[in-house]
Amino acid sequence: MKKIEAIIKPFKLDEVREALSDIGITGMTSTEVKGFGRQKGHTELYRGAEYVIDFLPKVKIEIVIQSDKLDACLEAITNAARTGKIGDGKIFVSTIERVIRIRTGEEGEEAI
C-alpha cells in the first residue's frame with residue numbers, strides 16, 4: 001500500500017478530485033495549508049500599505065491506495081493540478097505498513 005501526499009493550488013482541488021474519481025479512487029483527505037518554496041510569497045496592497053505574504057495558501061491531499069494503482073493516481077493528480085506556472089505543487093509517495101478500519105477491525109487492503 002502507498003500513501004500519496006500532494007500539495008496543490010487551492011483552485012485545482014475539484015479538478016484533482018474529479019480526476020481521481022474517474023480512475024476509481026473513492027476516498028481522500030484534504031487540508032488547507034500554507035507554505036512556500038521557489039514561489040517565495042508575494043506583496044499585496046491593503047488600505048494603501050504594502051505588505052509581504054510569505055506563506056501562500058495551498059491544499060494538501062492525502063490518499064492511501066493499493067500499490068498497483070500508484071502510477072494511474074500520480075498521473076491523474078499531475079495532469080489535473082498542472083498549470084505550467086511556478087507553485088503548482090509537489091507529490092510525495094511513501095509506503096504504508098498497516099491500515100486498520102476502526103469501525104469493523106478490517107486490516108490491510110480491505111480497510112482502504
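This report describes the fold, the strand pairing and the salt bridges of a predicted model.

**Overall layout**

The chain holds two helices and six strands. Read from the N terminus, its elements run β-α-β-β-β-β-α-β. The radius of gyration is 17 Å, well over the 13 Å that the globule rule gives for 112 residues, so the chain is more spread out than a compact globule. Along the principal axes, the C-alpha atoms fill a box of roughly 60 × 30 × 20 Å.

Of the 112 residues, 28% count as buried. The accessible surface comes to about 7,800 Å². Carbon and sulfur atoms supply 49% of that surface. Among contacts with a separation of 6 or more, 70% are made by residues 24 or more positions apart.

**The sheet**

Four strands form an open sheet in the order β2-β5-β1-β6, and the pairing is antiparallel. Which strands stand at the edges? They are β2 (29-35) and β6 (89-95). Each has a single partner strand, so one side of each is left without a neighbour in the sheet. From one strand to the next, the twist averages 20 degrees.

Strands of a sheet pair through backbone hydrogen bonds, either parallel or antiparallel. Here, β2 and β5 (residues 56-65) pair in the antiparallel sense over seven bridges. Within that pairing, Thr29 stands opposite Glu62 in β5, and Glu32 stands opposite Val59 in β5. Strand β5 also pairs with β1 in the antiparallel sense, over seven bridges. There, Ala6 has Ile61 of β5 as its bridge partner.

**Helices on the sheet**

Helix α1 (residues 13-22) lies across β1 (2-8), β2 and β5. The helix runs at about 15 degrees to β5. Helix α2 (residues 70-81) also packs on the sheet, where it touches β1, β5 and β6. The direction of α2 makes about 5 degrees with that of β1.

**Salt bridges**

Side chains of opposite charge can pair when their charged atoms come close. With a cut-off of 4 Å between side-chain nitrogen and carboxyl oxygen, the count comes to six salt bridges. The table lists some of them.

| Lys60 | Glu5 | 3.0 Å |

Take the Glu5 and Lys60 salt bridge to begin with. Glu5 sits in strand β1 and Lys60 in strand β5, so this pair links distant parts of the chain, 55 residues apart. Lys60 has a relative accessible area of 24%, so it is partly exposed.

Where do Lys9 and Asp88 lie in the chain? Lys9 is in the loop between β1 and α1, and Asp88 is in the loop between α2 and β6. Are Lys9 and Asp88 buried or exposed? Lys9 is buried, and so is Asp88.

Arg98 counts as exposed because its relative accessibility is 58%, over the 50% cut-off. Glu107, at 38% relative accessibility, counts as partly exposed.

How values were computed: Residues numbered from 1 in each chain as written. Predicted model: local features only at pLDDT ≥ 70, side-chain atom pairs only at ≥ 80, totals over all residues. Heavy atoms only, no water. Pairing = 2+ DSSP bridges. Axes fitted to C-alpha atoms, helices over the stretch in contact; angles between N-to-C directions. Contact = heavy atoms within 4.5 Å. Rg over C-alpha atoms; globule rule 2.2 N^0.38 Å. Buried < 20%, exposed > 50% of the residue type's maximum accessible area, 1.4 Å probe, protein only. Areas by Shrake-Rupley, 256 points an atom, 1.4 Å probe, with all protein chains shown as cover.
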